[in-house]
Amino acid sequence: SEIPVISELSDKISKDLRGTVPKPLSLVNIAEHPVLFKSFLSGYPLNLEINGVFKAKKLNHNFKKVIDWLIKFHSCFKHKVVRLDNKQIDNLIEPIHQSIHTDKSLSIKDFIWAFDKAKKLKSISIHLIPAHTDFWPGNILLDKNKIKVLDWDDFGLSELPLFDLFHFVVSYILEMNFYFTNDDYKKFYKIFFSENRYSDSL
């Protein structure tokens with residue numbers, strides 16, 4: 001439920017971020033279904049402008065706003081330091097293993113590659129941080145020079161560093177209608193491993 005999450009966020013986040021996260025107003029039952037009323041957040045979803053006319057300056061501006069918001073948000077919480085063990089590493093790569101059965105673009109080679117990379121993280125200490133975990137452009141509102149964030153159902157207090165940022169970048173890419181491909185795997189490769197105007201901006 002989003003109720004305890006946004007209630008806690010209202011108490012913990014700094015004053016300059018309070019207008020960027022909805023506040024719970026009331027919870028009522030309508031036709032035996034719980035309905036949560038939240039404060040209104042003005043703005044429009046970032047994903048609505050992704051496929052407009054490409055302007056590098058605008059893209060850079062939006063990304064800077066998102067990163068600045070994430071930095072401020074993370075600074076409102078204490079970070080938990082953990083040393084990665086085998087169980088945590090297995091948890092990291094399990095989603096990839098599960099995706100092999102449903103995503104035709106993934107293969108067992110992708111899983112082996114991820115597993116080999118993940119094993120190198122064993123015994124490394126990392127800071128776990130709070131994360132929205134569904135930080136895609138459709139949950140981010142643009143309102144003049146501010147960004148605001150919706151849909152806090154999947155919020156987690158102890159998530160991997162940069163989880164939200166990487167999720168945002170990847171989902172931003174997949175929302176794009178590229179002139180050179182509509183294949184998600186190729187989009188990812190073009191952005192992170194090729195030189196083009198999109199990868200330059202990102």
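Me: Which residues of helix 1 (residues 2-12) are buried?
Reply: This is a predicted model. On the other side of helix 1, Pro 4 and Asp 11 are exposed. The buried residues of helix 1 are Glu 2, Val 5, Ile 6, Leu 9 and Ser 10.

Me: Within what arc do the buried residues of helix 1 fall, seen down its axis?
Reply: The buried set is Glu 2, Val 5, Ile 6, Leu 9 and Ser 10. These residues line one face of helix 1, because seen down the axis they fall within an arc of 135 degrees.

Me: Which backbone oxygen lies 2.8 Å from a polar atom of the side chain of Ser 10?
Reply: Ser 10 lies in helix 1. Leaving aside neighbours within four places in sequence, Ser 10 is in contact with Arg 18, Pro 22, Lys 23 and Pro 24. The backbone oxygen at 2.8 Å from a polar side-chain atom of Ser 10 belongs to Ile 6.

Me: Is Lys 148 buried or exposed?
Reply: Lys 148 is placed in strand 7 (residues 146-149). A residue counts as buried under 20% relative accessible area. Lys 148 has a relative accessible area of 8%, so it is buried.

Me: With which side chain does the side chain of Lys 148 make a polar contact?
Reply: Not counting residues up to four places away in sequence, Lys 148 touches Gly 19, Thr 20, Leu 41, Ser 42, Asn 139, Ile 140, Leu 141 and Asp 143. The polar contact, at 2.9 Å, is with the side chain of Ser 42.

Me: Which residues lie nearest the centre of the largest pocket?
Reply: The space in the largest pocket comes to about 1,800 Å³. Its lining has 25 nonpolar, six polar and five charged residues. Of the 36 lining residues, those nearest the centre are Leu 92, Ile 96, Ala 114, Phe 166 and Phe 188.

Me: Which helix gives the most to the lining of the largest pocket?
Reply: At least two lining residues each come from helix 3 (86-99), helix 4 (108-119), strand 5 (125-131), strand 8 (156-159), helix 5 (163-175) and helix 6 (184-193). With seven residues, the element giving the most is helix 3.

Me: What distance separates the C-alpha atoms of Leu 48 and Gly 138?
Reply: Leu 48 lies in the loop between strand 3 (44-45) and helix 2 (56-74). Leu 48 counts as exposed, because its relative accessibility is 61%. Although Leu 48 and Gly 138 are 90 residues apart along the chain, their C-alpha atoms are separated by 7.9 Å.

Me: What is the phi of Ala 31?
Reply: Ala 31 is found in the loop between strand 1 (24-30) and strand 2 (33-38). At 64% relative accessibility, Ala 31 is counted as exposed. Ala 31 is not a glycine, yet its phi is positive, at about 55 degrees.

Me: What is the relative accessible area of Glu 32?
Reply: Glu 32 is found in the loop between strand 1 and strand 2. Glu 32 is not a glycine, but has a positive phi of about 70 degrees. Glu 32 is exposed, and its relative accessible area is 78%.

Me: What percentage of contacts in the chain between residues at least 6 apart in sequence join residues at least 24 apart?
Reply: The chain has seven helices and eight strands. Of its 202 residues, 33% count as buried. Among contacts between residues at least 6 apart in sequence, the share joining residues at least 24 apart is 65%.

Methods
Residues are numbered from 1 along each chain as its sequence is written. This is a predicted model: local features need pLDDT of at least 70, side-chain atom pairs count only at pLDDT 80 or more; totals for chains, interfaces and linings use all residues. Side-chain values use heavy atoms; hydrogens and water are left out. Helices (H or I, at least four residues) and strands (E, at least two) are DSSP runs, numbered from the N terminus. Buried means under 20% relative accessible area, exposed over 50%, partly exposed in between (1.4 Å probe, protein chains only). A polar contact is a pair of N or O atoms within 3.5 Å; within protein, one must be able to donate a hydrogen and the other to accept it, and residues adjacent in sequence count only if both atoms are side-chain atoms. Contact means heavy atoms within 4.5 Å. The arc is that of the directions from the helix axis to the C-beta atoms. On a 1 Å grid over the protein atoms alone, a cavity is a set of points where a 1.4 Å probe fits but cannot get out, and a pocket is an open set with protein on both sides within 12 Å along at least five of seven lines; lining residues have an atom within 4 Å of a point. Grid points are joined across faces, edges and corners, and a volume is the space filled by probe spheres set on the points. Ala, Val, Leu, Ile, Met, Phe, Trp, Tyr, Cys and Pro count as nonpolar, Asp, Glu, Lys and Arg as charged, and the others, Gly among them, as polar.
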